[in-house]
Amino acid sequence: MPFKRAKKLEVILLNSRVYNFSAGPSMLPEPVLKRAADEMLNYKGSGQSVMEMSHRSKVFDDIIVRCEELLRKVLGIPSNYKVLFLQGGASSQFAMIPLNLLNGSGKADFLVTGQWANKAYKEAARYGNARVVASSKDKTFTYIPKTTAADFDKEADYAYICLNNTIYGTKFAELPETGDVPLVADVSSCILSEPLDVSKFGLIFAGAQKNMGPAGLTVVIVREDLIGHARDITPTMFNYQTHADNRSLFNTPPCYSIYICGLVLEWLEELGGLEKMAEINRKKAGILYDFLDNSKLFRGTVEKEFRSLMNIPFVTDNDELDKKAVKAAEAEGFINIKGHRTVGGLRASIYNAMPVEGVEKLVDFLGRFEKANG
């Protein structure tokens, strides 16, 4: 029924929520969703939704200031780093980073461990001398290549990694040694999943739609000395200085996504911070990896040393059986478990908001599927 004809809007509540194993956008914590629902029509007595309010208003200014304060506290961000709330998705950073940082020698080093690092490399190559130091493409990105400090160019303006590879389910067990060369990292699919020493990086960035909030927000955390050197050709909106000088309010920011991000950070703080979150995430990943390691039907695809806590791909080695498992999983409320189109198989993304119960129930389903199809 069109809204103009409706006398009242009826809310249909499902008996239960599905377990969403999507690589992103992903599940949000239920307490966050309930809080947002409670505040939807009237945020803290303002008489308006956060979706409606001016980004220049005092009430929204309090929201964005609080969000940054919480992020600095939860992640332990040093005072000499700027926090920028941007748009354009993490993919926009593939261009923004070289435009802002590839400004000395014009050289940058890349560790290509998956599709997103490769896209960043190709984009940077448009602006300077981008070099692949090492790649794991030879084994379908199922491991992280080993490097030493000698592998990196001392004259490089930055070295680039994707810390956690969403598609292939790998994670750097330890950071590469790059000496004085600033390390840049895409942390989209692992940010806030465990403690991270921000001081070891020159810049990190993340799309919010996995562990921080809804799609639309991209967070950049950049050391102050790396700001202010953008190329002359850099568009105003792609210059980090623009957003640092204007507290991410140069133009209308993704207001509602920033608001939800703040609620997620409050939830994390109440939970016990990143140490507690890491404990929970290790438990969840352990449950699924233990099953896969002992299964006679399913197997994980990543070398054990480099397994991600967030994204777990696995296969039966039979395409038709993989498809059958995906379909059967969806019928039982386990959605978005199909592997990425470039890989196939299955993949369970178990970000912060996925409860332990969800992983336990998934393993129970996989066990039953194995008995019926093994």
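Predicted model: local features only at pLDDT ≥ 70, side-chain atom pairs only at ≥ 80, totals over all residues.
Rolling a probe the size of a water molecule over the atoms shows where empty space is left. Here a cavity is a set of points, on a 1 Å grid over the protein atoms alone, where a 1.4 Å probe fits but cannot get out, and lining residues have an atom within 4 Å of a point. Grid points are joined across faces, edges and corners, and a volume is the space filled by probe spheres set on the points. Two cavities of 30 Å³ or more are present in the structure. The second largest cavity holds about 30 Å³ of space, and its lining is made up of Asn20, Ser26, Met27, Ser349, Tyr351, Ala353 and Met354. The largest cavity holds about 40 Å³. Among the residues that line the largest cavity are Met27, Pro29, Lys210, Trp267 and Ala353, and its lining divides into seven nonpolar, two polar and one charged.

Next come some backbone features. Most residues other than glycine have a negative phi, and most peptide bonds are trans. Glycine 24 and proline 25, however, are joined by a cis peptide bond, with omega about -5°. Proline 25 sits in the loop between β1 (19–20) and α1; helices (H or I, at least four residues) and strands (E, at least two) are DSSP runs, numbered from the N terminus. Phenylalanine 141 is not a glycine, yet its phi is positive, at about 55°. You will find phenylalanine 141 in the loop between β4 (129–135) and β5 (158–162). With a relative accessible area of 9%, phenylalanine 141 is buried, a word that means under 20% relative accessible area, with exposed over 50% and partly exposed in between (1.4 Å probe, protein chains only). Leucine 192 also has a positive phi, near 70°. Leucine 192 lies in the loop between β8 (183–186) and β9 (203–207) and counts as buried at 1% relative accessibility.

Phenylalanine 141 turns up again around threonine 170, as one of the residues in contact with it; contact means heavy atoms within 4.5 Å. Threonine 170 belongs to strand β7 (residues 170–171) and is buried, at 0% relative accessibility. Leaving aside neighbours within four places in sequence, the contacts of threonine 170 also include Thr113, Asn165, Val302 and Ser308.

Now follow the chain to β9. Five of the five residues of β9 are buried, with Leu203, Phe205 and Gly207 on one side and Ile204 and Ala206 on the other. Two strands pair if DSSP finds at least two bridges between them. β8 and β9 run parallel and are joined by three bridges, with valine 184 and leucine 203 as bridge partners. Five bridges join β9 to strand β10 (residues 218–223), and these two run antiparallel; alanine 206 stands opposite valine 219 there.

Another sheet is open and has three strands in the order β11-β12-β14, with antiparallel pairing. β11 (299–300) and β14 (346–349) each have a single partner strand, so one side of each is left without a neighbour in the sheet. Two bridges join β11 to β12 (residues 311–315), and arginine 299 stands opposite valine 315.

Finally, look at histidine 55, in the loop between α1 (30–38) and α2 (58–75). Histidine 55 is buried, with a relative accessible area of 14%. Not counting residues up to four places away in sequence, histidine 55 touches Phe60, Leu249, Asn251, Thr252, Pro253 and Cys255. In contrast to this buried histidine 55, arginine 282 counts as partly exposed, at 46% relative accessibility. Arginine 282 is part of helix α7 (residues 273–294).

Conventions: Residues numbered from 1 in each chain as written. Heavy atoms only, no water. 1 Å grid on protein atoms, 1.4 Å probe; cavity = no way out; pocket = protein on both sides within 12 Å on 5 of 7 lines; lining within 4 Å. Nonpolar A, V, L, I, M, F, W, Y, C, P; charged D, E, K, R; others polar.
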